[in-house]
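Welcome! Have a look at the structure below, and then we can walk through some of its features together.

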Amino acid sequence: MFNTVFPYLLTGISVGGQYALIAIGYTMVYGILRLINFAHGDVFMVAGIVMVYLNASGIPLWLSIVLTLLITVAIGFSIERIAYKPLRSAPRMSIMISAIGVSYTLQNLVLYITGGLNQFYPKIPFISNSVTIFGASTKMVTLVTPVLTVILVVALVMLINHTKIGMAMRAVSKDFETSQLMGIKINSVISTTFIIGSFLAAVGSMLYFTNYNTVIQTSGAMPGLKAFVAAVFGGIGSIPGAVVGAFVIGICENIIKGLDIILFKAGITTQNLGLATFSDAFTFALLIVILIVKPTGLFGEKTTDKV
Amino acid sequence: MKKILAILMVLCLMLPAFAVAEDMPVVKIGVFEPASGDSGAGGKQEMLGMQYANKIAPTVTIGDTEYKVELVYADNGSSTDKAPTAAAELVNQQVSVVLGSYGSGVSIAGSRNFADAGIPAIGVTCTNPQVTLGNTHYFRICFLDPFQGTVLANYAYKELGAQVAYCLAELGNDYDTGLTYYFQQAFEALGGMVISETFPTGTSDFTSYINNATGYGAGVFFAPCSLAYSTLIVDQAADLNVNFALMGGDTWDSNMVLEAATGTNLNILVSTFYQEGGNPEFDNGFKAWLNEDAEALTNNGGNDIIAAVSVMGYDAYFTALEALKAAGSTDSKAVNTALWNVTLEGVSGKIAFDEIGDAIRDTAYIKSVNTATGAWDFVAVQGVN
Amino acid sequence: MSQNVLKVENLTMQFGGVVAVYDLCMEINEGEIVALIGPNGAGKTTAFNCITSVYEPTNGRISFMGKPIAQNSPHKKMHFTYAGTMPDAFRGKHVHLTPDKVTKLGIARTFQNIRLFGSMTVLENVMTAMHLRRKSNMFTATLHLNLAEEHYMKNKALKLLETVGLLDVQDEIATSLPYGKQRLLEIARALATDPKLLLLDEPAAGMNPQETDELSAFIKRIKDQFNLTILVIEHHMNLVMEISDRIYVVDFGKLIAEGTPAEIQENPAVIAAYLGGEDE
Amino acid sequence: MRTKKINSSTLWSALVIALVYVGVFIAEQSLPSTSMLFTVLKKGATYALVAVSMNLLNGFTGLFSLGQAGFMLIGAYTYAILTIPVADRMNVYQYYAGGLVQFAMPVIPALIVAGLVAAVFAFLIGLPVLRLKSDYLAIATLGFAEIIRAIFQWNKLGALTNGSNILREFPTFNDFNIVNAEGEVVVYLSTTIPFLIAGVCIAIIVLLINSTYGRSLRAVKDDEVAAEAMGINLAHHKQLSFCVSSFFAGIGGAMLAMYQSTIQAKAFTSAMTYEILLIVVIGGIGSITGSCLASFLFVACSEWWLRFLDQKQMIGDFEVPLLRNGFRLVVFSIIIMIVVLFFRQGIMGTKELPDLFGRKKNLKREVKA
């Protein structure tokens, strides 16, 4: 039994780690701006494209990695300044539409630049290598991802709990107006949030695309959506929630993909039920169940409406 | 500010498309192919064949008049919901005949638009029987899925000795589902067992599916999906050290699969329409053209390995020219009537249509990836038996 | 003949550890104007919200016209955290209606922080409040087969606007009115639901002395005109003393006094509470 | 005085709408039927209906739902399953032995059934999700749309839905054309009829919005607590709006099927919902007229007017730079960003057609607030 389930678990943890890095970006932005940043998945995709083009230009790999991180951060920062900042006083719906617009623009821009063709992601040595663990063969990146994710999250939580900017972030996410009145520089807090989010998305993109070697303009859509679901699942606004949610969703979705064979081997079913069709749908079903049982997600704070 | 913006936007929209005056009369051939989306790469390679053919034969004599052949492109975006509008655009441009598409689903989706406008279409590599069945305007120059599926099943069972086959298809892709369906029919008829699964569009993690195949003890992994996915599957299968053979349909016949497989220890087999070297004259001319034209080379994936779909595109173009000549007019209805009797000695073989509008073909080529050299090795010419 | 219109028994409302209303008992008879007063944060609006079912009380029973409209007892899990009295008195029967049901029974209210429908005109605001007494269904209403009813609604709304003196601004967007007029519109809107009991939450807040004077006459007038029983929360003591038949005083969620205006003015506990309240 | 003014402006609006219909009809008889204009008009009419149905939810009830594509999918599939001619079923359901359903319904009843089925699904989905607030509701409905898509693609239901494969051969807009015995078209109706269907549906929505129910829905949008205090049953009215909206989204989906001539569950993704949401916002949240205008502009821009950007263009001997496949979409998305950032109220704000003819509606303050 263990041998049957283990490979799926392994993949699930790896996928979960990648989702987690994207989900943090969603959850931080939501915590501060109450904005579902639909463009975040596309920032992740653009990070992949940037890496492809930098590597093709012939500069050393380490330099392209550094530059990719910097450029992605710059893109995340400018998106906020161009598309969200002017709408700060507008209804929340407007900002969300703007986010959808940015997502649309990024995808179309990449479609135009790449001509709609798959771009091959460069191989990053060490993490691209194959390893065998408990009889299951996999890429090194599968093992590296969850470890790196946990390290980054711990660092982030330390940053939020023990630095001045972290304190400002917590204050802003508790009460936007009041913290503004208290003299917190809202704009720099928001920019920092976007910078951190984009940085993690760029790291996530490196792990992700090393695993799945091709980048195309729609590459960001599905991981983005899943990561977002993970963030909501864990209680949007909560960083540990996003991480837990991401791992739960990553593992569940891969178990579902293998559920037919697991059931088959356990002797419960005799034929293939085509359950793999529901690997995505299950993610959403799980989300809806959570929302109905606990409307603000696993670790979400309860909000009350003052009458 | 707002006013200026508004005016600028209106001006942008008003920007007229400048028509270019021509001395020679023009006959328009519609190219209904995906230039973006999952099948974008394949569609572009298919278009290369047409573009090369257009370069070789830029004019055609219809009746007594010489016409310049103009290719009109519409990108169907590899998706069945964009296809009707792309088809409508071609209809709007009043093309005489349409070539394409790569991918069966989009061909079916655009079919009705062509039918209603009375424009015939020549399917190039859309192998699902549904494309031509039950209509009189859609033709096709390639073999069909029941044939291809059977050929592959035969090969897998008899030559590879596989008892269990694992089939993986993209949800909602008519090409994938069709081919796996016919493969399954044939493979089970031979006495083998088939596990058939599907993956949703946009999937990038195939490890769980590959694990499934291993778990079922599959001898062959048959995944006739778009290029976007096949490269991912090849890459991930290599990492998982699988001990079964990977098998693909004609979509796998691409240098991108080669690139992904080079340096691994996989056994990859594909069925296809054409084997490089079948017509040296064409091969050399096409390669020379690719190497001259930087954009064409990029669209071919950066090297000059000839994809079978390019050859098919080339043949489709000449089939269209033959039909125009036979019709003696550029009127699409006349072309439609003429197409039934068109025959052509194409690069990929002899082309003639049966009563459904399908090409009469009974051979497929099977080739495998030489993972050391990164080239295709010819394996066999297969018929149904 | 005076029947209990509203009876509140041992009402306790607890949010986590905070007890907003503690063991509140009230009785309001038909035709009375009763005031509920107390310092800020004493739990007056929370009591209103319990009566109108916006909140579900932690413990206690609220009856309207002799029928319970809310009844609850603390959940077993709250055994240690529950801070009120009589945790078992109301066990056995659980009643919780949605606010609209309560309104339909005949309790209407206004809000302390005015809550008008911002996208609608003054007239539409009032007409919306008549939706609950409709006889048409979705199909007849959509196909406009209910013209007679629409006509009736409109006329009644216009009459109500005339009563509160807002006839001339019927086509203005409700939230564009000055503050005082918005309060009057809230009353008109509440009246449009055909209530028996009207709950007014600080109707005089933001009004100048002259408007306040007019308001007390106005409240008395509508009480007679529409046969109402009125419960009012107010800080304006002049108004309270002038219109109320009886007064309940709460502080820190607890009832500290009840009686006629004259009695309350003399009550030492009330004076202490108010003086203490002003220290804040 | 006031009532008279409303009447005259309403009259003018009716006249304008009537002129549009006459114009469409005449254009269809006189212009070549292959013109891109008609493609745009057909798709525009379809999108207009869907956008208005979404506006009913988002703009008039304040329910932020992103499930529109899911309900369109249900409508489209119901329509297709019910109307494919029996003779063609063997071909269409090629892997499922002709499928389960062995009859074909006329078009209009099938459209209504399509709407009803979508509404029934909406009712069931609404029971749990409508209790959720704002963003959470949006995510839950988005999730349900994805679940619906997966269910319709499940091969175990293939006898009904044809699995994930394409459905086709059902009647399309072109089948509305009246043909003579020789098969030549006598009267073109392939654009006029979709206009009529969409028109009737939108008219019903407009009537609903202007009824006492419509006022209540707006009250729910403005202030849920106050609406409830005024005796409006929140659950009931939200459910009602959700079902009505889904009913028309279902019909819109069926119209989309007729426009496309083939359908596949795969195409009804969240991207489709976002597209419709963009239309609603560009038109102005809370304006039916805006949604309609924006649909046509959106479709025309994305499918027609900007097409030339995808192909090489010469001005004299000068080749215009940047133009190649995909540039159209880049320009289009930039236009959308400009609209979103600089024209926040959309084309119409919350104004409607009669307001353009002088109906007084004091909305200044609200717009600012």
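In this predicted model, domain 1 and domain 2 of chain B meet through 20 residues of domain 1 in contact with 20 residues of domain 2.

- Domain 1 of chain B covers 23-143 + 280-353, while domain 2 of chain B covers 145-272 + 365-382.
- Their C-alpha centres are 27 Å apart.
- On the side of domain 1 that touches domain 2, helix 2 (40-56) and helix 4 (104-117) of chain B are the elements giving two or more residues.
- That side of domain 1 is made up of 7 nonpolar, 12 polar and 1 charged residues.

**Where chain D touches chain A**
- Here, 34 residues of chain D are in contact with 33 residues of chain A.
- At least two residues each come from helix 5 (107-129), helix 6 (134-153), helix 12 (270-283) and helix 14 (327-342) of chain D.
- Helix 6 of chain D gives the most to this side, with 10 residues.
- By type, the chain D side has 24 nonpolar, 6 polar and 4 charged residues.

**Paired strands in chain C**
- Strand 4 (residues 59-64) and strand 5 (residues 67-72) of chain C pair in the antiparallel sense over 5 bridges, and Ser63(C) has Pro68(C) as its bridge partner.
- These two strands form a hairpin with 2 residues between them; in the turn, Met65(C) has a positive phi of about 55°.
- Strand 5 of chain C also pairs with strand 6 (residues 95-96) of chain C, in the antiparallel sense over 2 bridges, where Gln71(C) stands opposite Val95(C).

Methods: Residues are numbered from 1 along each chain as its sequence is written. Chains are lettered from A and ligands numbered from 1 in the order in which they are written. This is a predicted model: local features need pLDDT of at least 70, side-chain atom pairs count only at pLDDT 80 or more; totals for chains, interfaces and linings use all residues. Two strands pair if DSSP finds at least two bridges between them. Helices (H or I, at least four residues) and strands (E, at least two) are DSSP runs, numbered from the N terminus. Two residues are in contact if their C-beta atoms, placed from the backbone, lie within 7 Å. Ala, Val, Leu, Ile, Met, Phe, Trp, Tyr, Cys and Pro count as nonpolar, Asp, Glu, Lys and Arg as charged, and the others, Gly among them, as polar. Domain bounds come from an automatic or database domain assignment.
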